[in-house]
Amino acid sequence: TTRHLNESTAVDIEMAFINSEEEVMKILENMTLEMWNAAKTCKEELEILDIDLEKINVPFKRVTYDEVIELLNERDHKIEWGADFGSKEESIIGKIMEEKNEVFYFITKYPLEAKPFYTMPYEDMKYSRSFDLGCKGLEIASGSQRIHDKNLLIERIEKHGLNPKDFESYLKAFRYGMPPHGGFGFGIERFLMQLLKLKNIRECILFPRDRTRLIP
């Protein structure tokens, strides 16, 4: 699609000794702010591209998954609870946030069953300690607090219909204890796409690969 590449570049981090996913989100939003402000110093290049970057501040707006469902319903867009947001939903959310003068925004507390087995659940086992970072209607980063308890990891692996024996090497790292930790993956091309107001992510990479283009 215009938002996907076969080969993409990302900033991926994992951080230890956290209390919750909020600490990971703070790292992410401050990193994003620094990148955005650094781009603003490229005045000559931005003038050539006719780009006027908005002023952004931290903390970024936080909205829960349930709140987003309500906002979509208010725009007469129905979506089943538990479903992931597609490009249409992301676009509507982006417009709603734009009306609130929010360039960047977090969507938090996704349903647990919609997330990978290693995502830390809330105590109710209904919601997860996960988040997506959106920018003008496009998800540019996704992350969560991870499960650090081996027994809970095994339980979640089985809940997803998977065999813990297939994850033995992964689970070994948790055998003697693991600190509470979390992380995120941040798509650099997606960030550039929104920063430069481009319509196709292939314009953000030197050699874009897709199903029909391999060389160069």
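Which residues does Ser144 touch, not counting residues up to four places away in sequence? They are Glu21, Thr119, Arg129, Ser130, Phe131, Gly182 and Gly183, with contact meaning heavy atoms within 4.5 Å.

## Ground rules

This is a predicted model, where local features need pLDDT of at least 70, side-chain atom pairs count only at pLDDT 80 or more, and totals for chains, interfaces and linings use all residues. Numbering runs from 1 along each chain as its sequence is written, and side-chain values use heavy atoms, with hydrogens and water left out.

## Ser144

Ser144 sits in strand 5; strands here are DSSP runs of E, at least two residues, and helices are runs of H or I, at least four, numbered from the N terminus. Ser144 is buried, at 1% relative accessible area, where buried means under 20% (1.4 Å probe, protein chains only). Its side chain also has a 2.8 Å polar contact with that of Arg146; that term covers a pair of N or O atoms within 3.5 Å, one able to donate a hydrogen and the other to accept it, and residues adjacent in sequence count only if both atoms are side-chain atoms.

## Helix 7

Helix 7 (residues 188-195) is mostly covered, with six of its eight residues buried. Those are Glu189, Arg190, Phe191, Met193, Gln194 and Leu195. They pack against helix 1 (21-40), strand 3 (104-108), strand 4 (130-135), strand 5 (138-146) and strand 6 (181-187).

After helix 7 comes Lys197, with a positive phi near 55 degrees.

Technical notes: Buried means under 20% relative accessible area, exposed over 50%, partly exposed in between (1.4 Å probe, protein chains only).
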